[in-house]
Amino acid sequence: ASRPGGTAKRAASRAASPPRPSRATGGQHGEVCLGEWPMAGADAVKQLKIKTSAVSRLMKDRVASDREIEGQKERIGKVRSDPEKDEHDVAKQEEVLAEMVAGRADELCRLKDFALELDSVVELTKADLGSSEEHANAADVFGQAAAILKREGVELED
């Protein structure tokens with residue numbers, strides 16, 4: 001049971017509000033389309049910092065997951081050498097390892113998407129913030145992400 005007029009009020013308020021800027025992905029080559037996104041000084045710096053932090057976090061997550069995978073491989077070796085453990089225990093540990101390895105593909109995909117978004121913001125802000133510390137840091141982080149992706153065999157489309 002809904003309140004009388006509730007749906008009509010929401011529809012009317014949506015119709016009266018201005019459209020939001022487009023930030024959809026999936027342009028011609030999968031690049032980020034920032035559309036009519038106006039970026040004035042403080043907003044541009046804020047977006048640059050947000051995108052840079054996101055890519056940095058994903059790169060750190062990548063390193064952490066590599067460590068976890070190595071730890072899981074060691075754990076499997078210990079389970080195999082333990083006389084009290086049977087093949088079922090080993091199979092379960094190998095299942096966990098397979099899930100970790102499968103998660104790496106998702107991490108790479110997310111890193112690629114976020115790196116492309118960062119690159120778009122870097123390009124959009126080059127004229128206004130090209131000489132700023134934030135812009136240089138963002139460009140450096142993008143370069144690091146691009147190197148990781150290249151090493152993993154993932155191509156960044158331009």
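Buried means a relative accessible area under 20%, exposed means over 50%, and partly exposed lies in between, computed with a 1.4 Å probe on protein chains only. The views below show a predicted model, in which local features need pLDDT of at least 70, side-chain atom pairs count only at pLDDT 80 or more, and totals for chains, interfaces and linings use all residues. Residues are numbered from 1 along each chain as its sequence is written, and side-chain values use heavy atoms, with hydrogens and water left out.

**View 1. Aspartate 106 and arginine 110 in helix α3.** A salt bridge joins aspartate 106 to arginine 110, with 3.2 Å between the closest N and O atoms; the term stands for a side-chain nitrogen of Lys or Arg within 4 Å of a carboxyl oxygen of Asp or Glu. The two residues are four apart in helix α3, about one turn of the helix. Helices are DSSP runs (H or I, at least four residues), numbered from the N terminus. Aspartate 106 is partly exposed at 42% relative accessible area, and arginine 110 is also partly exposed, at 31%.

**View 2. The salt bridge between arginine 80 and glutamate 94.** The closest N and O atoms of this pair are 2.1 Å apart. Arginine 80 belongs to helix α2 and glutamate 94 to helix α3, so the bridge ties together parts that are 14 residues apart in sequence. Arginine 80 is exposed, with a relative accessible area of 54%, while glutamate 94 is partly exposed, with 32%.

**View 3. Glutamate 152 and arginine 62 within a salt-bridge network.** The N to O distance between these two side chains is 3.1 Å. Glutamate 152 is in the segment after α4 and arginine 62 is in helix α2, 90 residues apart, so that the pair links distant parts of the chain. Arginine 62 is buried, at 4% relative accessible area, whereas glutamate 152 is partly exposed, at 34%. The network of salt bridges links Arg62, Asp66, Arg104, Glu107 and Glu152. The whole structure has 11 salt bridges.

**View 4. The largest nonpolar core.** Such a core is a set of buried Ala, Val, Leu, Ile, Met, Phe, Trp, Tyr and Cys residues joined through side-chain atoms within 4.5 Å. Two or more residues come from each of α2 (41-81), α3 (87-129) and α4 (133-151). Helix α3 gives the most, eight residues. Leaving out residues up to four places away in sequence, valine 55 touches Leu111, Phe114, Ala115, Leu118, Val141 and Ala145, where a contact means heavy atoms within 4.5 Å.

**View 5. Glutamine 72 in helix α2.** Glutamine 72 is buried, with 1% relative accessibility. Residues up to four places away in sequence aside, glutamine 72 touches Gln93, Val96, Leu97 and Met100.

**View 6. Residues 7-36.** The mean pLDDT of the protein is 79, and 73% of its residues reach 70 or more; pLDDT is the predictor's confidence in each residue, from 0 to 100. Over residues 7-36 the pLDDT is below 50, and this stretch has 26 contacts in the model beyond near neighbours in sequence. Where pLDDT is low, the predicted coordinates should not be read in detail.
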